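Subject: A structure for you to look at

Hi there,

Here is the structure I promised to pass on to you. Please open it alongside this email and follow along as you read.

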Amino acid sequence: MNPLKKLIPETVRAKVRDHPLWRRRYNRRHAVELATTSKRLDLCSSQIAHMFHLADHPSLEGKVCMEIGSGWILSHALVCHLLGASKVLCTDVEAIVRPSYIPIAIRSAVHYIVRDVLSPFAEHADIRARLEHLASLDHFDLEVLASLGIEYVAPIDLAKRCLGQPVDFIYSLSVLEHVPVDDIAPLLANLVQDLTVGGTMVHAIHLEDHRDIQNHPFPFLAEDGNHYGRGEQTVHGNRIRRSRWRRHFDALEAFDWRFIYQFSRRDKPLPSHIDAAVEHQGEDDLRISHIGVYGVKRAPEERA
Ligand SMILES: C[S@@+](CC[C@H](N)C(=O)[O-])C[C@H]1O[C@@H](n2cnc3c(N)ncnc32)[C@H](O)[C@@H]1O
């Protein structure tokens with residue numbers, strides 16, 4: 001910490017952090033940082049293209065898409081639009097979107113990367129035309145997004161109810177690990193319910209302790225489950241390991257699925273004690289840091 005900050009008592013610093021002016025300044029900085037890093041349109045295009053290659057995913061042309069936990073900038077929804085989706089429903093448990101930062105995510109991207117990495121999944125010329133249109137818009141709000149077929153639906157808790165309209169493609173990125181353990185089964189069942197037969201889901205799930213991902217990916221596994229409630233699960237991660245995710249997806253009716261990737265952390269120690277609430281199948285299972293899930297909804301009678 002900055003030595004000058006140390007001279008200010010924590011109670012005073014907490015008051016400053018809570019002040020609306022400070023929050024506005026922090027939020028602005030955070031939104032710009034997202035729009036110029038992880039939510040840059042070329043990076044998000046590459047991320048979707050990577051998963052579509054691994055999944056051998058069908059085209060989104062004319063499809064209705066739904067994102068779970070869209071976050072602040074909605075760049076992945078723009079990617080679905082570039083790929084020809086007829087509609088993209090961006091959902092979130094809280095209304096936190098910041099559409100005015102979208103032009104930064106578009107401007108800071110290298111446009112030929114967007115076109116080229118997406119071209120296996122849609123016509124290059126169509127992507128170019130849609131991208132040029134996006135780049136020509138210097139202001140974004142919910143109305144502008146709606147004119148592109150991108151609708152923001154928040155707040156909505158899809159563990160409590162279905163969206164209530166058929167969708168062909170559902171995706172989430174770094175979201176399912178924030179959903180409390182008790183909500184995962186109803187959430188996944190509701191998603192499959194909204195999915196059309198032949199519709200697909202892709203979920204990128206991040207299994208590390210979110211407090212210090214780089215240096216300490218596993219401490220939360222040791223924490224006493226009695227004190228690791230819904231709040232902790234939402235903020236730091238729900239601690240569900242790969243084997244438990246497998247059981248959750250296996251339990252879904254008429255849904256054929258597979259892991260499209262799984263990565264492990266071998267460079268950091270596991271805690272010596274694992275909390276009894278963490279279901280697992282040993283060290284390999286505990287060390288998985290990321291999984292990608294791809295699935296297709298089948299008509300019940302088609303199920304293998
Ligand atoms: C780490 S952010 C990821 C945002 C976005 N998907 C991205 O890739 O930038 C986690 C998102 O999950 C959402 N979220 C948290 N709990 C959720 C829940 N129970 N159901 C749905 N979304 C949730 C948050 O509101 C937030 O938008």
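Predicted model: local features only at pLDDT ≥ 70, side-chain atom pairs only at ≥ 80, totals over all residues.

Residues are numbered from 1 along each chain as its sequence is written.

**Helix α5 and its partners**

Helices here are DSSP runs of H or I with at least four residues, strands are runs of E with at least two, and both are numbered from the N terminus. Helix α5 covers residues 75-82 and packs against helix α4 (residues 41-55) at an angle of about 65°, with the axes 9 Å apart. Axes are lines fitted to C-alpha atoms, for helices over the stretch in contact, and angles run from 0 to 180 degrees between N-to-C directions. The pair α4 and α5 is therefore roughly perpendicular. For such words, angles under 35 degrees count as roughly parallel, over 145 as roughly antiparallel, 65 to 115 as roughly perpendicular and the rest as oblique.

Which residues of α4 and α5 make the contact? From α4 they are Leu41, Cys44, Ser45 and Ile48, and from α5 they are Ser75, His76, Leu78 and Val79. Two residues are in contact if their C-beta atoms, placed from the backbone, lie within 7 Å. Sorted by class, the contact of α4 with α5 has five nonpolar, three polar and no charged residues. In this sorting, Ala, Val, Leu, Ile, Met, Phe, Trp, Tyr, Cys and Pro count as nonpolar, Asp, Glu, Lys and Arg as charged, and the others, Gly among them, as polar.

Helix α5 also meets helix α8 (residues 124-136); their axes come within 9 Å and cross at roughly 135°. That makes α5 and α8 oblique to each other. Here Leu78, His81 and Leu82 of α5 meet Ile127, Arg130, Leu131 and Leu134 of α8. The contact of α5 with α8 divides into five nonpolar residues, one polar and one charged.

Is α5 mostly covered or mostly open? It is mostly covered, as eight of its eight residues are buried. A residue is buried if 20 or more other C-beta atoms lie within 10 Å of its own, exposed if 12 or fewer, and partly exposed in between, with C-beta atoms placed from the backbone. Just after α5, glycine 84 takes a positive phi of about 100°.

**Around the ligand**

There are 15 residues around the ligand, and Gly69, Gly71, Val93, Leu173 and His178 come nearest. A residue counts as near if its C-beta atom, placed from the backbone, lies within 6 Å of the molecule or strand in question. The shell around the ligand is made up of six nonpolar, six polar and three charged residues.

Alanine 35 sits in helix α3 (residues 20-36). Alanine 35 is buried because 25 other C-beta atoms lie within 10 Å. Setting aside neighbours within four places in sequence, alanine 35 is in contact with Arg40, Ile73, Tyr101, Ile104, Ala105 and Ser108. Alanine 35 and alanine 109 are 74 residues apart in sequence, and their C-alpha atoms are 9.4 Å apart in space.

Arginine 107 belongs to helix α6 (residues 102-107). Arginine 107 counts as partly exposed, with 14 C-beta neighbours inside 10 Å.

Aspartate 56 is in the loop between α4 and β1 (64-67), and its phi is near 55°, a positive value in a residue other than glycine. Aspartate 56 is exposed, with 8 other C-beta atoms within 10 Å. Arginine 239, in the loop between α11 (230-236) and α12 (242-250), also has a positive phi, near 75°. Arginine 239 is buried, with 25 other C-beta atoms within 10 Å.

Finally, look for the cis peptide bond that joins alanine 154 and proline 155, where omega is about 0°. Proline 155 is in the loop between β3 (150-153) and β4 (167-173).
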